[in-house]
2 protein chains.
Amino acid sequence: MITERSKLRRLPDRGSHEAEAVNRILDAGFLAHVGFCVNGQPFVIPTLYGRDGDRLYLHGSAASRMLRELDTGAPACVTVTHVDGLVLARSAFHHSMNYRCVVAFGTARKIDDRERKIEALRVISEHLMRGRWADVRGPAEQELKATAVLEFTIEEASAKMRTGGPKDDADDYALPVWAGVLPVSLQAGEPIPDGVESEAPEYLRSAQIFSQSQSA
Amino acid sequence: MITERSKLRRLPDRGSHEAEAVNRILDAGFLAHVGFCVNGQPFVIPTLYGRDGDRLYLHGSAASRMLRELDTGAPACVTVTHVDGLVLARSAFHHSMNYRCVVAFGTARKIDDRERKIEALRVISEHLMRGRWADVRGPAEQELKATAVLEFTIEEASAKMRTGGPKDDADDYALPVWAGVLPVSLQAGEPIPDGVESEAPEYLRSAQIFSQSQSA
């Protein structure tokens, strides 16, 4: 559904409302910035997420202000952005950024059902690192009680991206300025064990959790 | 100034209102998520920024919806987040993320004065890549007209971060589960020239634009 709020206003050729494009961007990331309004004051808070169809699961402390505000059913906005590169043109004006971004609108509700709550936590965990959930101690009852899990239903979403090199003015190509793209990506380093010896599991060493752009 | 909106509600020991901590986090990044409300509907939009004292400069097309909304003087929230690592504990519950984050509240106004506008664009450019501004063709008059530049004055801000390894329950240390930190950082790749030959300038090859955490 495309309405006034999700209509792409700038450069609509860079955008897409297709669910597939939206989901690909959401699945390539793990950190969202969640927006909500309290008496006209916007709040933007970073949080992890997992996706199941058109639902995003968010979690945190049961005392979290954000989760309590969202659970009122107030309109929310969940934005996920991947930076893919700095686009360095010959003129200041044509500098740009390669990126992929989803802006999703909807509302969130707390999950009270115990089994659904555990399943949502599993989805978040597997979204972040596939294979980890089966390896660790699952949530105890008091841990479940201390954790709030919300399902954010995506009512509308738009995907927007930029790829490729700079687009300079014709006259500027003669300038003696280096131009091109500096690729940027979120990278995992070497796992740091916390002291007790054991080899890092395969799923960790091969973690494909970080966004990789298909092109610079 | 600390008020109800910026008071740290969760884990206040992870937070700081000190301007120095706030500025360090802002200066380590270049992408912000800007929140604003229109009739109770939150919007969260990614954008580049530069910092000058307690002001953040934002820019974009003069036709940008976000910039026009912000220029009404409506309350805004600018959030900058660096992901430093995934904290992998022995229990699902104690999984966490190492990060640094600033949530800043304030209002933004368009800069109309020509010289201040150019200076703000220079600050944004230098924030993103120091040394680039002197190298490129500066903005022409019609490019300046097509660009809106806003100054967002930080009225309140809080910094929050987590560092270090997992904190497991005493009983869980006996579990045969790999635990520790998977460091994560935004990394620049090899610059990709757009066709015209010329060696990448020193400032680009040594770009220190990407957030580096001091510890995992």
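**A walk across the A/B interface**

Start by showing both chains: 84 residues of chain B and 84 residues of chain A make the contact (heavy atoms within 4.5 Å). This is a predicted model, where local features need pLDDT of at least 70 and side-chain atom pairs pLDDT 80 or more, while totals for chains, interfaces and linings use all residues. Residues count from 1 along each chain as written, chains are lettered from A in written order, and side-chain values use heavy atoms, without hydrogens and water.

Together the chains bury about 6,800 Å², 67% of it on carbon and sulfur atoms (accessible area lost by two parts on being put together, 1.4 Å probe, summed over both). Now pick Val44(B), Arg137(B) and Trp178(B): this trio supplies 11% of what chain B buries against chain A, more than any other three residues.

The interface has 6 salt bridges (a Lys or Arg side-chain nitrogen within 4 Å of an Asp or Glu carboxyl oxygen).

Next, select E9 in each chain. E9(A), residues 180-188, pairs with E9(B) in the antiparallel sense over 5 bridges (strands are DSSP E runs of at least two residues, numbered from the N terminus; pairing takes at least two DSSP bridges). Click Val184(A) and you'll find its bridge partner, Ala188(B).

Note on methods:
Helix = DSSP H or I, 4+ residues; strand = E, 2+ residues; numbered from the N terminus.
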